[in-house]
Amino acid sequence: MIDEKFQWKSAYLWIKYYNYKCVHFDKEKSEIWLSNQKKHHIVIFKFGEFTSQELGFTHERLKEHKEDIDAFLSFDVRKYDVYVFNDKNIDVQHFTEHHPIKIKFHHIESRKTFINKIKHPLLKRELTNKDTKSSTYYKQRTLNQNPVEHAMYQFAPITYALIATNVIVWLTILLFLPHRTDLEIINVGALSHFNFVHGEIYRLVSSIFLHLNFEHLLFNMLSLFIFGKIVESLVGRWQMLVIYLFSGIMGNLFSLAFLNDNISLGASGAIFGLLGAIVAMMLISKKFTQKMMLQIIIATLIMAVISLFMNNVNIIAHLGGLFAGGLIVYIGYFYKTFKKGFHILIIVTSVLIIGLLVRIFLIEDVNIYNKIIQKQMNEGHFSEAKHMIRETVKKDYANDETYYLSGFVIAAKNSKAEAIAEWERGLRIFPDSPLLNYQMAIANRSLGDNKSAKKFIKKVLEVDPQNKNAINLKKELDD
């Protein structure tokens, strides 16, 4: 027997797993209308005692009032599926229609009949399982028209998959990969300007899925759960994924264009992109309510406040992602409604990306590995610094500054003579380095070999005539 709870539960689960929404409820006719605009499809659940004649009236109503129904729903309905929940023997086959619209009636005389028609495994399982929720619970959720709350009810596989991916990556790093030092963080895929301009493009994406502490992961995944479900509910699964990745990548490009000496990681840029997409969709639809606006504003404020208590927040990546999320929604909207505007936005986006890339490759290239080595030295971690120097040389990212720092590490751990040998090794690779030549001048002067010191200072001034330190040291040596 089909009771009222099963009726409303069926409608609610249809909304949850098939991404439909309730557009009409007629209490007198005992009808629930569910729509999917992308599929141009309407599903009608009819409950109660009906005669063939009454079903015939429903069939004719759908055909004769097509224009009115399309106007009410704001899209062209191409197919109806009418599920008649009635335990009596009714022949509905002759109500099938193929032209000008498809109409098909389904007689549901029992729970088992309806469950057997369901193909979605999760929906089928929930219909089969017993629960303690009331009929009112399912009715309220079925009829709820608030987009934010509606999205929270729905099954969002892409959002869940992204959350699962981030958690799996975090656990993998936590359990199996070294991630204590900045060098190790870079090695697992974090983004830095230096690595990007040296060809490691993949970091634009890999860094989006990296979180190196539980608090960072938890905050981002809670935000992704909320905003991801909303966007996935409003635009669809794959569109949501495109918005997420595009926003994350664009946020990283903005970061690289203005920050050349830091390490960036985390899903925040992509998540802010989802927020930007929601704002854009609200502006486009002009259907948002005060309650919905308040919910979005509160969620945004919570994100902003929590961000203030987190270390190394990349504001530029957040703002870049926010802008990108809104931009790609407008690109998609104009593609369907305003081709000229679409082409303009494509050109603007292309110019923006090219401009960001030009700036990324033109700004000063700061060797992030040397910065990490210097940081370890300043903290007195000379063994760590020595290990990082070896890794930098191994990756072929060593420059004259690397050997300069290496000499001081060796001096601290071994001897001054070995440090000088290291600087000489660096000079054989970078003979025109003002940094190494100046250091060799200082070292030779400390040994009393002013002749050699003058030779190195002369080399510095040949390469960099305005080097103040070299000019002052030359005066001292000449005196």
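I began in the loop between strand S2 (31-36) and strand S3 (41-47), where histidine 40 lies. This is a predicted model, and I read it as such. I looked up phi for histidine 40: the value is positive, about 55°, although the residue is not a glycine. Is histidine 40 buried or exposed? With a relative accessibility of 19%, histidine 40 counts as buried, because the cut-off for buried is under 20%.

Next I went to the loop between H3 and S4, which holds serine 74. Serine 74 is not a glycine either, and its phi is positive, near 65°. Serine 74 is exposed, at a relative accessible area of 52%. The cut-off for exposed is over 50%, so the label follows from that value.

I then checked a peptide bond. Which residues does the cis peptide bond join? I found histidine 99 and proline 100, with omega at about 5°. Proline 100 sits in the loop between strand S4 (79-85) and strand S5 (102-108). I noted these entries because most residues other than glycine have a negative phi, and most peptide bonds are trans.

**Helix H1 against helix H5**

I turned to the helices. Helix H1 covers residues 4-18 and helix H5 covers residues 121-128. Their axes come within 10 Å and cross at roughly 160°. H1 is therefore roughly antiparallel to H5; the cut-off for that label is over 145 degrees. The crossing of H1 past H5 is right-handed.

Which residues of H1 meet H5? From H1 I listed Phe6, Lys9, Ser10, Leu13, Trp14, Lys16, Tyr17 and Tyr18. Their partners in H5 are Leu122, Leu123, Glu126 and Leu127. Sorted by class, this contact of H1 with H5 has 8 nonpolar, 1 polar and 3 charged residues.

I looked up the salt bridges: the structure holds 20. One of them pairs the side chains of lysine 5 and aspartate 131, at 3.1 Å from N to O. This pair links distant parts of the chain, 126 residues apart. Lysine 5 is in helix H1, and aspartate 131 is in the loop between H5 and helix H6 (135-143).

Lysine 5 is partly exposed, with a relative accessible area of 23%. Aspartate 131 has 24% relative accessibility and also counts as partly exposed.

Aspartate 131 has another entry. The side chain of lysine 9 meets the side chain of aspartate 131 in a salt bridge of 2.6 Å, N to O. Again the pair links distant parts of the chain: lysine 9 in helix H1 and aspartate 131 in the loop between H5 and H6 are 122 residues apart. Lysine 9 is buried, at a relative accessible area of 5%.

My last stop was helix H3 (residues 66-73). The side chains of lysine 66 and aspartate 70 form a salt bridge, 2.6 Å from N to O. How many residues apart are lysine 66 and aspartate 70 in H3? They are 4 residues apart, so about one helical turn separates them. Lysine 66 is buried, and so is aspartate 70.

Lys66, Asp70, Asp76 and Arg78 are joined in a network of salt bridges.

Methods
Residues are numbered from 1 along each chain as its sequence is written. This is a predicted model: local features need pLDDT of at least 70, side-chain atom pairs count only at pLDDT 80 or more; totals for chains, interfaces and linings use all residues. Side-chain values use heavy atoms; hydrogens and water are left out. Axes are lines fitted to C-alpha atoms, for helices over the stretch in contact, and angles run from 0 to 180 degrees between N-to-C directions. Helices (H or I, at least four residues) and strands (E, at least two) are DSSP runs, numbered from the N terminus. Angles under 35 degrees count as roughly parallel, over 145 as roughly antiparallel, 65 to 115 as roughly perpendicular and the rest as oblique. A crossing is left-handed if the near helix is turned anticlockwise from the far one by less than a right angle, and right-handed if clockwise. Contact means heavy atoms within 4.5 Å. Ala, Val, Leu, Ile, Met, Phe, Trp, Tyr, Cys and Pro count as nonpolar, Asp, Glu, Lys and Arg as charged, and the others, Gly among them, as polar. A salt bridge is a side-chain nitrogen of Lys or Arg within 4 Å of a carboxyl oxygen of Asp or Glu. Buried means under 20% relative accessible area, exposed over 50%, partly exposed in between (1.4 Å probe, protein chains only).
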